[in-house]
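Here are my notes on the model you sent over. Have it open while you go through the points.

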Amino acid sequence: MAALLAPMGSMAQQSTAMADSEVNAKLTMNVVKKPLENVLASVGKQTGLGVHYDRSEINSEKLVSITCKNLPVKQVLAEITDQTGLHFSVYKNNLIVTGGSAPTASPDQQSTAVVQKITGTVIDSTGMPLIGVSVTIKGTTNGGQTDVNGQFSINANPGDVLVFTYIGYVTKEVTVGNETTLKVTMKASANALSEVVVTALGITKSAASLSYDQQTVSGKELEVAKDPSFVNSLDGKVSGLQITSSSSGAGGSTKVVLRGNKSIYGSSNVLYVVDGVPLNSLTSTQPTGVFSYGADGGDGISNINPDDIESISVLKGASASALYGSAAENGVILITTKKGKAGKATLTFTSNTTFDRPVLLPKLQDEYARGDNDTTNNTSINSYGARQAAGSPNLNPADYFKTGVTTANSFTLSTGTEKNQTYISFANTHANGIDPGNTFDRDNITVRNTAKLLDDKLTLDISGSYIWQNTNDRPISGTYFNALTSVYLFPRGTDFNQYKNYESYDPTRNIDLPNWITPYTNSGSGGDDPQNPYWVQYKNPTAQGLNRLLASVTAKYDLNSWLNLQGRVKLDKADLASSQELYAGTTLLLANPAGGYNYSSNGQNQVYADLLLNANKQLSSDFSINGTLGVSIQDNQNSSLGFGGRLGNIDNYFNVTNVILTNGDPFNQTNKTEAQTQSAFASVDFGYKKFLYLDVTGRNDWSSALAYTLNSSNDSFFYPSVGLSDVLSSMFKMPDAISYAKLRASYTIVGNSIPAFVSTPAQYTLSSGFLNLNLTKPLGNLKPELTHSFEIGTEWRFVNDHITLDATYYHTNTYNQLFNVPTTTASGGYASQYINGGNVMNEGFEGDLGYNGHISKDFSWNTNFTFSYNHNQVIALYTDNTANPPNVIQEFTFNNSFNAYGLEARVGKPFGEIYVNDFQRDASGNIVVNNGLPQLINNFQDFKDAGNANPNWILGWTNTFRLQQFDLAFTVDGRFGGVVVDMTDAYLDQYGVSQASATARDQGGVLVNGARMDAQTYYSVAGGREGALSNYVYSATNVRLREASVGYTFPGKAFNNKISSLRIAFTGRNLFFFYLKAPYDPETTLSTDNTLQGLDLFGQPSTRSLGFNISAKF
Amino acid sequence: MKTIYKTRWILLAGILGLLVISSCTKEFQNYNTDPSKVTKQQAEGDFQYIGSFFPDMEQNIFSTVDYIYQIQQNLNADIFSGYMMSPDDGFGPNNTNYFMRSDWNAQAFDLGNQHIMNNWKQVKNYARPQDQHFVAIALILKVEAMHRITDLYGPIPYSQYGTNNFFVPYDSQQAIYTRFFAELDTAVTTLSAYVKANPGVKPFKPYDLVYGGDYTEWLKFANTLRLRLAMRIVYADAQTAQAQAEKAVADPNGLLSVATDDAYINMVNGVTYQNPLWNITNAYGDVSMSAAMKSIIEGYKDTRETAYFDISAYDGKYEGIRQGQNITTPVYAGFSLLNVNATTPLRIFAASESYFLRAEGALRGWNMGGGTAQSFYEEGVALAFKEQSLAMPPGYLTDNTDVAAPYVDPTNSSNNVPAGSPYLNNITIAWNAGDTFEHNLQRIITQKWIAIYPDGQEAWSDFRRTGYPKLFPVVVNNSGGSIITADFVKRIPFAADEDQNNPKGVATGVTALGGPDNGGTRLWWDKNPLVP
């Protein structure tokens, strides 16, 4: 906590100390370049305070100049602080002078003084002992921690200042007097008046001054039940937050949306800011189609070591955008990482192991055998045969999956002196997925050093992290290369075990070929071509590697007590490589007889630098100002090179030299992009009497992506924000039960640039050595997207802060959205052009209601309830002004390769409306049947509106109980509203493997217009990827026990204090559903893009994780 | 003093900031230029900016990309022509059984605009006066490709192509054909003059996959194409048809007339591709021999069956699939696949077609340049065997007994077409000068149908125009009444993406079509009173 507060901490302490002293004397002085000791003597004389300082510690000869008349002593001392860097505190009529200019006294030197043993107890405001509070003597490394009874003992001299720091509590300093026993009460920093929060760019602000909703989650709360991608742990803990994770196993991407989808064609994903610097999002290609070769490759946040996180703040709106920049349009997740702490070296070790089993597997039938038309046929790929013979084997999909095991071990080491702190961490994560062959490995190493130099004026923070990650056989959604397609569609009544040996020697080809229900040369099964699942996993292996280096240097120089200059440079260099090897014997649809090979490498480099001038000054007793002036530059370079194709003559030789040229070059991907944003910004926060704050920000961005736009004053855009915060409880006398009350409001505009090259698409591409015209029509008249956001909120705390209530209403409109709009191909051969337009509205409210109670000395209960409601509506799309009269477009359809599912933005509807194929119906609502077959609509324009992919309400409820050494935590969350489409189900019906198809057959067929229609006939039309998906729309509403843990902490004395604490916990994630109507987990998604929402197609089932966690502190 | 000290820092920060901003934005245009794409300036060398567009044009008359070819032609005209049928049970109701799928209907339209019209426009815009011979080739390729598009839909955007982004009007098919003839006039005049002035010079060679830049071959191609288009409109505008046909034959540059004149998309100049039919057949397993094909080719004991198809995995014989079924189970997966290799180049124009066109012209009493209907017919049949590198079976041309054989579906007898059915192509091979006009026309078109296989687009156009050869109607008609089963499908509906992207343009198209936008409305040239 001390470290967190560093930029402002010393000021806060100083003023607190002065306030306590009740010294109201006023001084008059006129000295020019006099030695300090003379000045201090004069101060002592005028105030009647005894002045104490150590000549070996401060330079009393230093010359100072002071001219003042009847100035409060506080201000005079502040002036001396400005000139000397010395600090003053008042203790029992003594003015104690401390400073950083002299060398720190070593413990040995101190021990020569009159040392006495001080013992004491640290308690919170309810009298509950605080365990693990760090107690140090200011200016030394001497210190220790409180034990399980909140007790400590330390050797100190009278006059020494003891510093008590504890996460979540306000740091407290106590000067040692004559007492040898102390009772120290620490105030929880939940007291918002003293609470300091980290905001954009790492700037700390008083929580009271924030004019927008920002919610903080401590690193501890994320550890209840760990997920390799820590973002998933935020589920249910933050209001306004919607998390959807990719169904691609450990380390996959996560779609995190705050307060609704804003950008239709762009991304609505939140921005991550780590220690004040935007994190490169490293978005990976997302699946777009039924067949979908593309596997999710994770994102920039998924590979961060969760153990390095000190705390997370979620900024839900676009407020204070000037400081965050344009990517903050969709809200920000601010991550503060750990750094070394002064005091005794602490080594922690945590080990987390979880076991994963799939939940929500499809219900398959065990009644009918392989075949068609009620006739068993062992060459069929369907399961519409006759009734199974008794004792026929049936594959239970659960038997195919393995128990996934994820282990994460991490060490952190924190050590340091008051001047220099070091933090080192290492983490290793290894996961064996539930799919055979799927593995995930990650190593994270972080080293960070924080130092104070040049009389403590310069703070230097150097940090480096290296991430190595490798994923094999990450689950792929879609039908090709997906083992689950083969497992789920495996013919019923057939022995799956015979195919576990997935290959056998083929003498005609002299290699091993797959052993499967259909020969590899025979496709023609409707284009799905399921292969042996083990062949898919082991002989169509994919690998994705990541090497990422994050390095940063921050230097902050205190120009004086209220002004500092900070410079920062951060490099984020990520190299990704992915490959897919298709062995000879892979279905000829996807490979040649010799096989196939795809490889791509991608480098994404981001350099960020900024320079900030921060001022924080109490102008008078009533007015304060807190301001920042800054400039920043962010440069993103992305380059990729890929090749792929079918193999030539040599079987299974996976090399570019063996890839044959087919319809173009094997090097199918050579891209380089660069985008640079330069910014200048200012933020000023005026405070009045610590209860009224006005926050004004402005930012101008210069974006390289806007170069070549026609309106060529062009690459620059400005956006402002204004906010007001009023702490009612400080303004008026409130009843005792109300400990804090605040109102806040803010209005913000954020601009967001367009992607690189959009304003100037290249004229030609090259294919097979010849030019092709780029199919995107050049159009230079493009503008940055703009979000106008308004929010108003209130925060209340009752009964000594035990009960907290936050509530916010917001309203945003996002204009000038960028669309890639299809043109008529007769427009000159262009398939599309970019257009600006649109207005997407989001409004809603969100809130938190919390209770933190120390019910007795041994028992505490913390609980928090979060709720969010969002209403989204597309107000307008775009207008084609080239037409006469202008053509107003009412709907925008996302381009994907699904024939029976479409996602639209349609004027008047919420964004993300799902349209599905349905039956044609006559005037009386009967299904049109022609030639004995139900007829489908098939024409997208007439598809049925199935509902929206996004929920209306999201509720979460977290609980933590502590009883002596035991702790118990659980989170329940629920989403209400929204629909999902389960295309997997449609496939299962088409193939006759589903229980639904067997039930229909038992009943003599499917009821169509009151008569029974043969099940296979019906499902051949209604099922499958192009069928009546209207039959497969389910409510996405669900409520689940998200996570739970129960732990026990062994006190240090159980180990003779060789270990300071040891906690063992049993944890579980995704434990069970209280309510669920969909056949799969609606919170997983095929793609984290906007293009595909609320759709499942053989996605990996959700998993239930059970495990244990050990953490030890040395 | 104090104030100055602080102001200095603020100034310093401001100056640093300004330096950052002002020094770099100059580079923004650099950053925002895609370095991995080609610019016009880079393409000027070696006339790439004109020549480069030809390989793409040539490869998109029939798309060389399997999944595009499949929807552009294979699952449409290749089925409607009676050549093939899909055994795939995964398509649901679709074009093969007259449920005209909107997503399939758009492919050919978009392909023509994006790969033919667009490239032609590039060549036309950039060619200098001395480069007009390039424009001439582009015109020939444009007419060759776009007549196949208008023959699918009827009206299409043609004269107004590229004039607007969201509204481009459609031309009537009659206007389009008139323009085709004029464009061929321009091309032939330009090329003839160039060849005369620069004999043997082949500036087009690096870009030509078909004739290696030999303009004399392209002139033959243009003339034969003119003859084809002339014959197409014979029932709609007999006068123009005769005039254009005679003009084509009279041109001193001649017609495609020997096997080496066949136009193939050769894998040269660094262009390689896999024959799309190979992938559609072998990898997708999506197309097989049709029942009508088996009936005709086996009825004639025609040895070309071995060149066109493989024996079936089903029973070791050749097996074709009755068209227009709702295929819901993979029962036909083992039927005869197409005999095609990955490396077989695509043929876009068979020289033998010129003889069948001249035979028909002669039969109509036109001046086809010496020769009778019989002589042209027999030369055409002989050349067609040569084109397949097969010897014509002895007595083939004098066979006056064999007609199409009855069809038996080994898996489902309800698909059978028994002897005596009016849908059996009951015409003999041997020419009979005394036979009726229609019988001789049926002979010519039947042999042309066998000869130009697998070009289903041309075969389907001939079938719509003449009613020959006789084909089997669909078993299941999912058109909802818009297509009459006995009349067969007449066109495919306008591209569905146009409803969204060019709605006003489509409205002009529907007007020009003169009937509802469905598969049952006849095209402008489809006016033969004898065809139902």
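**Notes on the sheet, the interface and the salt bridges**

1. Start with the open sheet of three strands in chain A, which has the order β9-β6-β12 and mixed pairing. Because β9 (151–156) and β12 (181–186) of chain A are the edge strands, with a single partner strand each, one side of each has no neighbour in the sheet. Neighbouring strands here are turned by 30 degrees against each other on average, direction ignored. Strands are DSSP runs of E, at least two residues, numbered from the N terminus, and two of them pair if DSSP finds at least two bridges between them. Axes are lines fitted to C-alpha atoms, with angles from 0 to 180 degrees between N-to-C directions.

2. A word on the ground rules: this is a predicted model, where local features need pLDDT of at least 70 and side-chain atom pairs count only at pLDDT 80 or more, while totals for chains, interfaces and linings use all residues. Residues are numbered from 1 along each chain as its sequence is written, chains are lettered from A and ligands numbered from 1 in the order in which they are written, and side-chain values use heavy atoms, leaving out hydrogens and water.

3. Back to the sheet: strand β6 (residues 116–124) of chain A is antiparallel to β9(A), and six bridges join the two. If you want a spot to look at, T119(A) sits opposite S153(A) in β9(A).

4. Now the interface. Chain A puts 93 residues into the contact and chain B 83 residues, contact meaning heavy atoms within 4.5 Å. Between them the chains bury about 7300 Å², with 55% of it on carbon and sulfur atoms; that is accessible area (1.4 Å probe) lost when the two parts are put together, summed over both. On the chain A side, Y764(A), F770(A) and L771(A) lose the most area to chain B, together 9% of what that side buries.

5. How many salt bridges are there between chain A and chain B? The count is one, and the side chains of R101(B) and E1026(A) meet in a salt bridge at 2.7 Å, N to O. The term means a side-chain nitrogen of Lys or Arg within 4 Å of a carboxyl oxygen of Asp or Glu. Strand β35 (residues 669–688) of chain A gives the largest share of the side of chain A that touches chain B, seven residues.

6. Over all chains, the structure holds 60 salt bridges. One to check is D213(A) with R744(A), at 3.8 Å, N to O. This pair links distant parts of the chain, 531 residues apart: D213(A) is in the loop between β14 (204–206) and β15 (214–218) of chain A, and R744(A) is in strand β38 (residues 738–752) of chain A.

Notes:
Helices (H or I, at least four residues) and strands (E, at least two) are DSSP runs, numbered from the N terminus.
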